[in-house]
Amino acid sequence: MIAGGDLPDIVHAIGTSYSTTAPEAARDGAFVNIGEYYANSRNVKNVITEEMMEWVKETDGNNYFVPMKYQGLPEGSWLIARYDLVEQYNNGEWPKTMEEWVSFFQTVKENIPDALVLSNRLNKSGYALTYGGRVVYRLFGLPSDGGGLIWDWDNQKFENEFVTEEYKEATKVMKDLYEQGILDPEFATTEDWFDNKKTKNVVAESNAANQVLLTRTTYDDYPEANSQEWRMADPLTEFPDVVRYPEVAYGTLTNGLSGHAMYISASCENPDRAWDVLEVMASEDFRDLCVWGLEGYSYEVVDGEKVPIVEVFNLDATDPNVFRWQRQFLTIWGFPSYREYDEAVAKLQDEEFATAQIESTEAVDEIASNTPMDPSKIPGYIASDDVNRKDTEGKAAMSTITCNYIMGRMSDADFDQAIADWEAEYGFIAEEKTEYVNSYDKDEAAALGIRYTLD
Amino acid sequence: MAKAKELMPEKGMRVRNWKTSMTLTVLMLPAMILLAVFNYGPLFGLLMAFQDYSPFKGVFNSPWVGFDNFVWFLTDAKFWQVFRNTVIIAFYDLIFCFTAPIIFAILANEIRNMAFKRVMQTISYLPHFLSWVVIGGLVRSLLSPTSGLVNNILGVFGVEPIYFITEASMFRPILVITNIWASVGWSSILYFSVISGIDVQLYEAAMIDGAGRIKQTWHITLPGMASMIVLLLLLQIAGMFNVGFDRVYNLYNPTVYEVGDVISTYTYRLGIEQHEYSLTTAITLTQSVLGTILLVSANFISGEIAGLGLY
């Protein structure tokens, strides 16, 4: 749509559009500066604070979009794993160290020989290992999204996780697990992760705490999977020695915004009316309609409390009467707004299960909520053409090296050399961003809650 | 001039010719419009190759950068890696995928049981209608080291499972074999039609002269197919730098990027994922220029050697 240059009056940008395409288009004059609209807003200001608008200010000092508020869900990310298997093979105790996790994986494999234990969801558009493919890396204190830049708190610079000792050690463990048949023998080509997850006794994945499901998932085509209990694992009591920053191993605090943006096109004939639409979307009535639906249809009021009507919640996602789809309009209030409704429905369905699911996220939420925001959150960074052109290529290259090493096609020395060569070719990506954040006004960064050190 | 006048048809005939050509022109019109809209119209966009293009500034307002985009990719080591992969895979396609339908058509033509021949032809066309997403899934399943049919059969003979599609040395052959399977039937249709147009009396005369099946194929069938083979060969050569995106993308994986990444996947990453419209336009323009040079050269050589060509 953006490539065509022909935009509707209001544009909802997400993903790459949010991070790259839409901001570039804004700088080229594709969208209206909404600064004045925001200053005089009736509802938007009540949801999106002035501080939030500061976060999303463009380099020219203008605000071109209304961001999505993203608060009210558990913070952080960690392993979401099969608690039913933990109960069965580990006396209901979550493993407490990396070694205990590996031992647990081995126990599962011994008892269920055809289990995949750790699988992967191949990503061909960047770094290859995701979900189950990231579990071991998480046990070495690395972030949920692989292949990216991480902040070196001691040396105050960005580095790609690929060149860290943590990454090397984690990959060596991956290699061992591959040799033992614990890591999916087809991890380098597995694209049917979700099928594997439900049918092959996969044990764990790396995911955000807010992705822990509050209700049981039921599969008509594979009833054996209905007893699976995917729950957030407890934090480790101790990380491997090589891990430098265990404090931030469960993610760092977010700025309370999500990667969604609502723009008004410069080609819009009546931007005032377009803004009015955004005002409506930021109203409490609109939020309640999206979250709770209609009284008597999706909820009823009992003793002054809203109580969901479970049958409506349970409608198939493709049912035209399904109510959940309306949540997609919460692009200003934020998707976490429906947490209240979901928790209420989950407790109505199976209170014990729902409570266990919610409680499982609390420990990670507690840790992540008390970490500082790192400089990767500093707003306004625009990658140079060279970085933009080489970023995906660099991730593909590290995927090739990693997969080949895990599969035993490289010696340790070759692996080290390949990493060094990679750094020589793609290290400038981290350097450019380091230069940017270190040139940013430190007081301004501090005012936003960003810290450069862990002291 | 006088000779030209002599050659000119009578007035009545000219009117008839004009009417006939008008009818033909009208019949050609939809195809010409399609060609103009989808092939010639977009040529305007080639200007982007010399700009730092922004969709919102448009071609007229985006800044000009001369040959910067060309210099960037021509000095990029990665480009030369994907260029080499593209040429190698295209060469394999030329040798194996291009000849397979010719051989298939000749062999199928020898089948005397018409019912069997028709069923076989129909079955051979079917893979053409499958998307590469489906074909990619089928190939991965067939070659799976844990549950694939091929490894199961090899296992019977005591061979350890091979993770075929992650083996760099096997990836290109897999691409080529898969392409042959997917396209051999459909690509042979033109050859079947040419073979069916060869005068049967030529075969009868050859048989009387004592020619066997192989000699008939060599001296009658193949020469009869020659013009079609040359035509399709020239078109294949012209498209040598356009190794299909779908087939590579749906079959490759991180372990084989170094041998499988081709220009189309490279431009996909830069153009679609990184929004480098100008850079990718420069790359595809270069691809087209190289394709044109190849086509003109091959057409010239073919004309000199065999007296056959596109124009």
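Helix axes here are lines fitted to C-alpha atoms over the stretch in contact, and angles run from 0 to 180 degrees between N-to-C directions. The model is predicted.

**Exercise 1. Two helices of chain A**

Task: Find how helix 8 of chain A and helix 15 of chain A are placed relative to each other, and list the residues that meet.

Solution: 
- Step 1. Two packed helices are described by the angle between their axes and the distance between the axes.
- Step 2. Helix 8 of chain A covers residues 165-179. Its axis and that of helix 15 of chain A come within 8 Å. The crossing angle is roughly 45 degrees.
- Step 3. Angles under 35 degrees count as roughly parallel, and 65 to 115 as roughly perpendicular. Helix 8 of chain A and helix 15 of chain A are therefore oblique to each other.
- Step 4. From helix 8 of chain A come Thr171(A), Met174(A), Lys175(A) and Tyr178(A). They meet Thr402(A), Tyr405(A) and Ile406(A) of helix 15 of chain A.
- Step 5. Sort this contact by class: four nonpolar, two polar and one charged residues.

**Exercise 2. Where chain A touches chain B**

Task: Describe the side of chain A that touches chain B, by element and by class.

Solution: 
- Step 1. Count the contacts: 28 residues of chain A are in contact with 25 residues of chain B.
- Step 2. Two elements of chain A give two or more residues to this side: helix 1 (15-27) and helix 15 (385-406).
- Step 3. Helix 15 of chain A gives the most, with nine residues.
- Step 4. The classes on this side of chain A are eleven nonpolar, 13 polar and four charged residues.

**Exercise 3. The overall form of chain B**

Task: Decide whether chain B is as compact as a globule or more spread out.

Solution: 
- Step 1. Take the secondary structure: chain B has 17 helices and zero strands.
- Step 2. The globule rule gives 19 Å for 311 residues, and the radius of gyration of chain B is 25 Å, well over that value, so chain B is more spread out than a compact globule.

**Exercise 4. The domains of chain B**

Task: Locate the two domains of chain B and describe their contact.

Solution: 
- Step 1. The assignment gives domain 1 (1-50) and domain 2 (68-306).
- Step 2. Their C-alpha centres lie 34 Å apart.
- Step 3. Four residues of domain 1 of chain B are in contact with six residues of domain 2 of chain B.
- Step 4. On the domain 1 side, three residues are nonpolar, one is polar and none is charged.

Terms used: Residues are numbered from 1 along each chain as its sequence is written. Chains are lettered from A and ligands numbered from 1 in the order in which they are written. This is a predicted model: local features need pLDDT of at least 70, side-chain atom pairs count only at pLDDT 80 or more; totals for chains, interfaces and linings use all residues. Domain bounds come from an automatic or database domain assignment. Two residues are in contact if their C-beta atoms, placed from the backbone, lie within 7 Å. Ala, Val, Leu, Ile, Met, Phe, Trp, Tyr, Cys and Pro count as nonpolar, Asp, Glu, Lys and Arg as charged, and the others, Gly among them, as polar. Helices (H or I, at least four residues) and strands (E, at least two) are DSSP runs, numbered from the N terminus. The radius of gyration is taken over C-alpha atoms; the globule rule is 2.2 Å times the number of residues to the power 0.38. Angles under 35 degrees count as roughly parallel, over 145 as roughly antiparallel, 65 to 115 as roughly perpendicular and the rest as oblique.
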